[in-house]
Amino acid sequence: MFLNIGKETIYAYTGGKKVDSKKPAIVFIHGAANDHSVWALQSRYFAFHGWNAIAIDLPGHGKSNGPHLTSINKLSSWINDIITTVNLSEVVLVGHSMGSLIALDFAGNFQRKTAGLVLIGTASPMPVSDSLLKTSSERPQEAYNMVNNFSFSARGHLGPNAAPGSWMAGNGMRLMEKADDLTLYKDFLSCDRYQEGLNCAKKVLCPSLIISGSKDKMTPAKFSEEIAIVLANTGKFRNVNLETGHAIMAEKPDLVLDILIDFTDKIKEEKATARNKEENL
């Protein structure tokens, strides 16, 4: 689906289904120099099981036009523009890496529009080393190699993958190479500058979930501990650690899907229970 947001045309994958404001909605937000395709299995499942599934291409990524928004706050507001444009009142947000910061910022600043929050491969703050910033700016191909190497566990580099014939590391490299040369640098800069994650986590009201990779070298699981402690105070938080690298959806696509199904089923059950209580008052 193509949408006009401001003066730009952006793309969001919906599994071939039209958005229906009467259905619950789940929005998938990709990470640095990626696009909607990293959510292929998860988004398609939800699209065919009663949900509006919206896997977006951020500005300047994939099929979306427009200049890069080099600020997590601006990207969070941009997500709100999309939700408003397609007439959705409430969504479950699922974000990976940079996308997790966008989702977290949204959940903290648009609480009434956030039904659930899933942070995958997250950390806040999410600093990027000066050397990696410099390399991504001046020698992007070298940076792609570095990031791709760090994104997969040893098993992930060797395979096998749940999708027959799929080469995870090769797919990861081709995906970054599709982007403009400065996309990775600009995305890294957004992550490095963002310092509001913990404050946003304190404002989250909805059920939340963190999925970490035990072999993740980009955002090690221990880097999400502060967010987890804050979110746990809501009483509606779950933390899951999988034996993967940073490319969690690529290495464990089925398991990530199962966790998301369980998480969203509980949200629907809680909402149904709340509605029944209101009707019986």
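**Close-ups of cores, cavities and pockets**

**View 1. The largest cavity and its lining.** Strand β4 (residues 52-56) supplies the largest share of the lining of the largest cavity, 3 residues. Strands (E, at least two residues) and helices (H or I, at least four) are DSSP runs, numbered from the N terminus. This is a predicted model, where local features need pLDDT of at least 70 and side-chain atom pairs count only at pLDDT 80 or more, while totals for chains, interfaces and linings use all residues. Residues are numbered from 1 along each chain as its sequence is written, and side-chain values use heavy atoms, leaving out hydrogens and water. Around this cavity you'll find T14, K17, K18, V19, K23, A47, W51, N52, A53 and I54. By class that makes 5 nonpolar, 2 polar and 3 charged residues; here Ala, Val, Leu, Ile, Met, Phe, Trp, Tyr, Cys and Pro count as nonpolar, Asp, Glu, Lys and Arg as charged, and the others, Gly among them, as polar. The space inside is about 50 Å³. On a 1 Å grid over the protein atoms alone, a cavity is a set of points where a 1.4 Å probe fits but cannot get out, a pocket is an open set with protein on both sides within 12 Å along at least five of seven lines, and lining residues have an atom within 4 Å of a point. Grid points are joined across faces, edges and corners, and a volume is the space filled by probe spheres set on the points.

**View 2. The second largest cavity.** This one also holds about 50 Å³. Its lining includes H61, H68, K186, D187 and S190, and α8 gives the most, with 3 residues.

**View 3. The largest pocket.** Its volume is about 1,000 Å³. Of the 47 lining residues, N34, V38, H96, F152 and A247 sit nearest the centre. Elements giving two or more residues to this lining include α1 (40-47), α7 (168-178) and α12 (253-280). The class count is 30 nonpolar, 15 polar and 2 charged.

**View 4. The second largest pocket.** Here the space is about 320 Å³. K23, P24, A25, E90 and K271 lie nearest the centre, out of 17 lining residues. Helix α12 gives the most to the lining, 5 residues. By class, the count is 9 nonpolar, 2 polar and 6 charged.

**View 5. The largest nonpolar core around I56.** A nonpolar core is a set of buried Ala, Val, Leu, Ile, Met, Phe, Trp, Tyr and Cys residues joined through side-chain atoms within 4.5 Å. Buried means under 20% relative accessible area, exposed over 50%, and partly exposed in between (1.4 Å probe, protein chains only). This core has 54 residues, and I29, I56, I79, L93 and L117 touch the most other members. Helix α3 (residues 98-109) makes the largest contribution, 7 residues. Leaving out neighbours within four places in sequence, I56 has contacts (heavy atoms within 4.5 Å) that include Y11, F28, W78 and I82.

**View 6. The buried side of helix α4.** In α4 (residues 130-138), L132, L133, T135 and S136 are buried. They lie on the same side of the helix because they cover an arc of only 165° around the axis, taken from the directions from the helix axis to the C-beta atoms. Their cover includes α5 (140-151) and α8 (183-193).
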